[in-house]
2 protein chains.
Amino acid sequence: MAETPYVPRLAIGLLHYPIMDKEKNIVATNVTNFDIHDIARAARMYGVENYYIIHPMKEQLMFVERVLDHWRTGQGAKFNPSRRRALERVKTAESFEAAIKDWGAENVMTVATHARPIEGVETLSFRGLRERMYDQKRPCFLLFGTGYGMTEEFMKSLTVILEPIKGAPPDDFRHLSVRSAVSICLDRIMGSW
Amino acid sequence: MAETPYVPRLAIGLLHYPIMDKEKNIVATNVTNFDIHDIARAARMYGVENYYIIHPMKEQLMFVERVLDHWRTGQGAKFNPSRRRALERVKTAESFEAAIKDWGAENVMTVATHARPIEGVETLSFRGLRERMYDQKRPCFLLFGTGYGMTEEFMKSLTVILEPIKGAPPDDFRHLSVRSAVSICLDRIMGSW
């Protein structure tokens, strides 16, 4: 009997605090409707176990829960069953710690994504991350920032940073939406190409 | 003197007509604000020459032009220069033919993206498309549908269809947002990984 191929364990989180704004103040950003749907659909497509929307404010998480209810059990579930399936694995959490705890995986590698390298944190290539996930069979929690990105202090509390996605020459433009960044990272890590 | 590496020529288009709705009627879809911004940013990042928003109705194209004006020359240009740069290469067109003509490239390979293969149209893998673009130096116009996808008849008028992006086993969920699909396709075709 053939051995079942190992399926890497991955959860992702969209962090809304602690986040930098344009002037490098630490802020909490608002949850965006498109961030819920686009990222849920990409996560579902690439076999992500859970997608956590992380925000410290109850009001923001209640907004997310209302959207989820509409599409999972309300009118939307009948109108668009694909969307219901995409949203099945979306969860809310008040903090990154709460999300990790809820997931319940052990020996988790926590990974930040960022447009630039950060001093004092190990940077891992996409290939390197795939190796740790497939060869070492280590579960991975991949975190994406909103606004102008996670604070450096927060990133330093994680295991590694993933190498930035480079822009085309000559100007190396790096200003993807978080929805695009998630999609590309999931394809590079989990894609079957 | 070292030879300058060849940079493949790519334009993309977001088609709003002729599009299928849920019941397979042929319709024109509305332009979505996030489709303008997210796709423009990904296109700029991966060196796409022009990003065409294609719609037969003047009112819809005027809406797009107002958004572009705001960020390219209005208040938005000062507030967010990165967004201005991303939107520099966004153009509107009333039809696919008008977009191709505006781009002005010769011997263009026209490529549809679709979640499923279509009978009667050649399907090309991502690797195959890269080869034609880099080795044969053939300019490529890559088209993305909105709504429930382009009509089969329209796709049959193009050179090839790009292989669908597969969902993870066991359920092969394929319901990406067009913003995610564009991002992933550009990374696979133009990415420097």
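1. Let me start with the lining of the largest cavity: Ala40(B), Ala43(B), Arg44(B), Val48(B), Asn50(B), Tyr51(B), Ala86(B), Arg89(B) and Val90(B). A cavity here is a set of points, on a 1 Å grid over the protein atoms alone, where a 1.4 Å probe fits but cannot get out, and lining residues have an atom within 4 Å of a point. Bear in mind that this is a predicted model, with local features needing pLDDT of at least 70 and side-chain atom pairs counting only at pLDDT 80 or more, while totals for chains, interfaces and linings use all residues. Residues are numbered from 1 along each chain as its sequence is written, chains are lettered from A in the order in which they are written, and side-chain values use heavy atoms, with hydrogens and water left out.

2. The volume of that cavity is about 40 Å³, taken as the space filled by probe spheres set on the points, which are joined across faces, edges and corners. α1(B) gives the largest share of the lining, three residues; α1 (33-45) and β4 (50-54) of chain B each supply at least two. Helices (H or I, at least four residues) and strands (E, at least two) are DSSP runs, numbered from the N terminus.

3. Chain A has a cavity to look at too. α1(A) contributes the most, three residues. The whole-structure search turns up two cavities of 30 Å³ or more.

4. On to the packing. The largest nonpolar core has 86 residues, and Ile12(A), Leu142(A), Ile12(B) and Leu142(B) have the most contacts inside it. Such a core is a set of buried Ala, Val, Leu, Ile, Met, Phe, Trp, Tyr and Cys residues joined through side-chain atoms within 4.5 Å; buried means under 20% relative accessible area (1.4 Å probe, protein chains only).

5. Leu142(A) is worth a click. Beyond its neighbours within four places in sequence, its contacts (heavy atoms within 4.5 Å) include Ile12(A), Val111(A), Leu162(A) and Ile189(A).

6. Last, Arg174(B), which sits in the loop between β9 (160-162) and α8 (178-190) of chain B. Its side chain reaches the backbone oxygen of Ala115(B) at 2.8 Å, and a 2.9 Å polar contact links it to the side chain of Asp172(B). A polar contact is a pair of N or O atoms within 3.5 Å; within protein, one must be able to donate a hydrogen and the other to accept it, and residues adjacent in sequence count only if both atoms are side-chain atoms. Among the other contacts of Arg174(B) is Met45(A).

Methods. Buried means under 20% relative accessible area, exposed over 50%, partly exposed in between (1.4 Å probe, protein chains only). On a 1 Å grid over the protein atoms alone, a cavity is a set of points where a 1.4 Å probe fits but cannot get out, and a pocket is an open set with protein on both sides within 12 Å along at least five of seven lines; lining residues have an atom within 4 Å of a point.
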